[in-house]
Amino acid sequence: MAPPDRGPAGADRAVPLAPGEPRYRRAARRRTPARTPHRTVVHPGAWWLWSLSLGTAATRTTNPLLLALLISASAYVVATHRGATPASHAYTAFARLALAVLLVRLLFAVALGSPIPGTHVLLTLPEVPLPHWAQGIRLGGKVTAEALVFAAYDGLKLATLLICVGAANALAGPTRLLKSLPGALYETGVAVVVALTFAPHLIADVQRLRAARRLRGRPDRGLRGLLQVALPVLEGALERSVALAAAMEARGYGRTAEVPARVRRTTAALTLGGLLGVCAGTYGLLTAEGGTYGVPLLLAGVVAALAGLRLGGRRSLRTRYRPDPWDARAWLVAGSGAAVAALLTLASARDPEALHPGVVPLVAPALPLWPAAAVLLALVPAFAVPPVSASAPEEPS
């Protein structure tokens, strides 16, 4: 009588016997688990490039319809492709932060006034007189519909940028991204990963100590309770830091290879020059006057910085365990975000009125067709990358 199937928990199962195969071989095959290959995941850098490109596209427009399309596209991709990790809930937190930023921007427009002239007065607040040296600042006074709409457009742009950053955190947490850093940024990545790892431990220690004090009938609130909880938390953090430092030293962290002085100087010059070029190019893209020199400076800075990081990686003696591959799907994800940013930048230069609707006179914003079609390219990862439900849960870094 064949043994019963005990389920998928790694127990015996009924294995069919091949013609002429001895029974002991079937038993050996039953006891040996099948190896599952490492699942293919999209490189975290591709997700961050996609999200930051959407954020760049959001900075090129104040049209609420286009911004709503960007938010909807990022939300759909996050809903279908985020893994089962603590960082996957970052999108909700960033969405709440974005809503708070929008509300604060509207509150400032109501309380502090706005330089936008308007004729549609909604309400009039008591105005506080200010001294002569505070000219240009107003507390209270008339609140117009034009000023509120302008503040809503401006706040929605910043809120969309925050939501795009939240999408990057939800799709590929900072720990996964730091794992893929080049060798030149190895020490920085280790420091940031340690900091990100210790922060949840500190919160858990505070909660555990407060619960223990409540069970003993001691106060856990107020200045006295805070001081009596902070000291054990600080002591535990120091002990954990010393233990981690000893473990890292025993495993050889911090070793560097011998690099000639000429290579070190070249690396420093390329990295510093590349970062300055990236900063100048980004400033040029974000301003209307620097549109001509922004893109060439940004590209030159990126190339120089990448070359410097490549040379700087020679001093790092380390290997990666199962690194995330940069394959065709990663190129497709990053390319779709870059296409959205490039097309909206082009649209803002060719038709600025469509991407920046006016508020004086107060008119309803219109949806430009081809910029809206360009925003829909952000949905390419939703169809090019298999959803999380079709694959295994995301592995911790």
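**Entry 1: Ser336**

I looked up Ser336 and found it buried, with a relative accessible area of 6%. Buried means under 20% relative accessible area, exposed means over 50%, and partly exposed is in between, with a 1.4 Å probe and protein chains only. The model is predicted, so I noted the rules: local features need pLDDT of at least 70, side-chain atom pairs count only at pLDDT 80 or more, and totals for chains, interfaces and linings use all residues. Residues are numbered from 1 along each chain as its sequence is written, and side-chain values use heavy atoms, with hydrogens and water left out.

Ser336 sits in helix H11 (residues 328-350). Helices (H or I, at least four residues) and strands (E, at least two) are DSSP runs, numbered from the N terminus. I then listed the contacts of Ser336, a contact being heavy atoms within 4.5 Å. Leaving aside residues up to four places away in sequence, Ser336 touches Trp50, Leu377, Val380 and Pro381.

**Entry 2: Trp50 and the core**

I followed Trp50 next. Beyond four places in sequence, its contacts include Ser74, Val77, Ala167, Leu171 and Val333. Trp50 is also one of the residues that touch the most other members in the largest nonpolar core, which has 39 residues. A nonpolar core is a set of buried Ala, Val, Leu, Ile, Met, Phe, Trp, Tyr and Cys residues joined through side-chain atoms within 4.5 Å. Among the elements giving two or more residues to this core are helix H2 (44-58), helix H3 (64-81) and H11. H5 gives the most, with 9 residues. In soluble globular proteins, nonpolar side chains tend to be buried together.

**Entry 3: the salt bridge**

I counted 1 salt bridge, taking it as a side-chain nitrogen of Lys or Arg within 4 Å of a carboxyl oxygen of Asp or Glu. Asp154 pairs with Arg105, and their closest N and O atoms are 3.4 Å apart. Asp154 is in helix H5 (residues 145-171) and Arg105 in helix H4 (residues 90-112), so the pair ties together parts 49 residues apart in sequence. Asp154 is partly exposed at 29% relative accessibility, and Arg105 is partly exposed at 25%.

**Entry 4: the strands**

I checked strand S1 (residues 121-128): of its 8 residues the number buried is 0, so S1 lies largely in the open. S1 pairs with strand S2 (residues 139-144) in the antiparallel sense over 5 bridges; two strands pair if DSSP finds at least two bridges between them. Val121 stands opposite Thr144 in S2.

**Entry 5: the whole protein**

I recorded 14 helices and 2 strands. Buried residues make up 32% of the 397 residues.
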